[in-house]
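Please describe the complex shown here.

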Amino acid sequence: MRTTVNQKPLPLQLPELRNLGTVLRILVAVNAFALLAVLAREQRWSAVPSAWLETAALLEPHLLLNLLLLYMLAPWLERLPYRIGVLCILTLVAVVTLTLNATFTKLGLDPFASDPPRHLAFALLSAGVLLFYFHLRAKALSPAISEARLQALQARIRPHFLFNSINAVLSLMRREPRRAETALEDLADLFRVLMRDNRQLAPLADEVELCRQYLDLEKLRLGERLVVEWHTENMPRDAMVPPLVLQPLLENAVYHGIEPSSAPGVIAINIFLRRGEVHAILRNPYQAAGNHHAGNKMAMDNIRERLALHFDAEASLESKMNRESYEVHIRMPYRPAVVAQSEHV
Amino acid sequence: MSDAPLKLLIVDDEAPARRRLRELLDDCASALPLVVVGEAASGREALGLLGSTPADLVLSDIHMPDMDGIELARHLLKLSLPPVLIFTTAYHEHAIAAFEVHAVDYLVKPVRVQRLLTALQKVPRLKPLSGAKLDKLPAAARRFLSVTERSRVVLVPIEDVIYLKAELKYITIRTAEREYLLEESLTKLEEEFGQRFVRVHRNCLVAREAIRGFERHVSAEGDAHWEVLLRGINEALPVSRRQQFIVREIGREDAG
């Protein structure tokens, strides 16, 4: 999965059935379909709300049971070829509709005279329209993913950092050739990551290693002024995250928090797993005087966009400014690396 | 002139950058007699050093904490014999574009020894940057005002300034401790520091932070006028009739 020359368009895929964003979209859409149906059926506007409520009462058990089954079957369904996956989902929806209908009728709970063909048509049409919508959405977003890769490259690494680092390496050449070697190797690793295809998720441990190399380079030129505190004891090393999700934020932290001051400043990085979510909290000193915010917003927007592309509503990026410090908090769902995928890494 | 070695000062906040420049200057020394008289990590430190150790040439980074290179260039003009200044920069799109337009000398880091040597050989023919030229460069507001006292440059941090008052030829800078005399224009200072000061009178800017309150005075003839009360010093300044609206404006800010 992590090969660097993978330029093929993303394959057809079912939506992520366990994603909160997908689930919410389905819930809202199906209830909206019901509203449409009611609007078309009722003669008078005043009758619409109660009719919609009645329909929803009938609809919701179907919808929730479907969602629950899809959630349970998601890992299996998502591995199937797209066409077969679609077929399975439609079959599932049909079976659920007919079974529930029969059960309700038997229990005498159906407020309407049961009419299986009509319900079946509504259920299958809704499912079909939604699958089509998710297909279109994936199509619309997939160029965005390759675009995001380009943006990731453009928004990253200030030329200012590159040239200052090369200058710092040059200063080591004559007296400390070995340190110069290490620094150049770090620089090479950094650019290898920057220039590869960054559309696919990568292990968190890799991202953290990259951050360490980046900060080593910064330490080379900033010396005592840069103090780094890592708290990664509870970090899930195998969590899959978008590449370059942390490094650009650290670059901001150095540029805005450390460079404007001649006194030493601390960058604290805290990464941990809590209730199935990966949290990364970065804190740096905030320099009120002589600050420049332009580059900051660009990197944040870029990361926020990539988090949304990969995790939809399940990830977030928030920043807050305290009196003397600036804090960025990233929240992502914990997706451990699949062993089979990482074998050929 | 030509046989005295060129005296140089290196200014950069990054120690490796200073070390690199020193190595390159050593390489140049065989072709051109020179001596590095000192190193500084900020513009402020450089000014301190230059007070006791004069230099012919200052090689200064632009982007530095405490005081950046462009502000350093402004304060250098207050010296009786301002040194020539050449900027060194790794990458600054805006600054470099302006440097090109206004023919300000700069070297790009990493510096090549040949470029450095060429620049050094030009130094005797170069003049210090003029204030007019510096005005055209993109720069943030200064962090210090500078005055010359007994041929030394004295820096007054802008946040220490309580008020600036134009007298006949000079501007008086008032801090909690003392007064300084400055040769600049009040209008330009108002433009540069914008929100920090408020004009209370045609000839006077007061730091917003230093305003303690306002007091109304009625003279024997029945004319009323306002005075602004200051924090840190026991002085009051008259508010002119034209600027009276600030009394309400600032009073409201305090209430809010």
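## Chain A: overall organisation

In chain A, 75% of the contacts with a separation of 6 or more are between residues 24 or more positions apart, a contact being two residues whose C-beta atoms, placed from the backbone, lie within 7 Å. The structure is a predicted model, in which local features need pLDDT of at least 70 and side-chain atom pairs count only at pLDDT 80 or more, while totals for chains, interfaces and linings use all residues. Residues are numbered from 1 along each chain as its sequence is written, and chains are lettered from A and ligands numbered from 1 in the order in which they are written.

The secondary structure of chain A consists of 10 helices and seven strands; helices (H or I, at least four residues) and strands (E, at least two) are DSSP runs, numbered from the N terminus. Of the 345 residues in chain A, 29% are buried. A residue is buried if 20 or more other C-beta atoms lie within 10 Å of its own, exposed if 12 or fewer, and partly exposed in between, with C-beta atoms placed from the backbone. The domain assignment divides chain A into domain 1 (20-146) and domain 2 (156-342), bounds of this kind coming from an automatic or database domain assignment. Taken over C-alpha atoms, the centres of domain 1 and domain 2 of chain A are separated by 43 Å.

## Strand pairing in chain A

Strand 2 (residues 226-231) and strand 4 (residues 265-274) of chain A run parallel and are joined by six bridges; two strands pair if DSSP finds at least two bridges between them. Within strand 4 of chain A, A:Ile267 stands opposite A:Val228. Strand 4 of chain A is also joined to strand 5 (residues 277-285) of chain A, by seven bridges in an antiparallel arrangement. Here A:Ile269 has A:Leu282 of strand 5 as its bridge partner. Strands 4 and 5 of chain A form a hairpin with two residues between them, and A:Arg275 in the turn has a positive phi of about 45°.

## The sheet of chain B

Chain B contains an open sheet of five strands in the order 2-1-3-4-5, with parallel pairing. Its edge strands, strand 2 (34-40) and strand 5 (106-108), each pair on one side only. Neighbouring strands of this sheet are turned by 25° against each other on average, direction ignored; axes are lines fitted to C-alpha atoms, for helices over the stretch in contact, and angles run from 0 to 180 degrees between N-to-C directions. Strand 3 (residues 57-61) and strand 4 (residues 84-89) of chain B run parallel and are joined by five bridges, with B:Phe87 in strand 4 as the bridge partner of B:Ser60.

Helix 1 (residues 15-29) of chain B packs on the sheet and touches strand 1 (6-11), strand 2 and strand 3 of chain B, its direction making about 175° with that of strand 2. Helix 3 (residues 69-76) of chain B also packs on the sheet, where it touches strand 1, strand 3 and strand 4 of chain B and makes about 155° with the direction of strand 3. In helix 2 (residues 43-52) of chain B, the buried residues include B:Ala46, B:Leu47 and B:Leu50. The buried residues of helix 2 pack against strand 1, strand 2, strand 3, helix 3 and strand 7 (152-157) of chain B.

## Backbone features

A cis peptide bond, with omega about -5°, joins B:Lys109 and B:Pro110. B:Pro110 is in the loop between strand 5 and helix 5 (113-122) of chain B.

A:Leu244 is not a glycine, yet has a positive phi of about 60°. A:Leu244 lies in the loop between strand 3 (240-241) and helix 8 (247-258) of chain A, and is buried, with 26 other C-beta atoms within 10 Å. B:Asp66, in the loop between strand 3 and helix 3 of chain B, likewise has a positive phi, near 65°. B:Asp66 is buried, with 20 other C-beta atoms within 10 Å.

## Interface and confidence

Between the chains, 18 residues of chain B are in contact with 20 residues of chain A.

The predictor gives the complex an ipTM of 0.80 and a pTM of 0.75. Chain B has a mean pLDDT of 88, and 96% of its residues reach 70 or more, pLDDT being the predictor's confidence in each residue, from 0 to 100.
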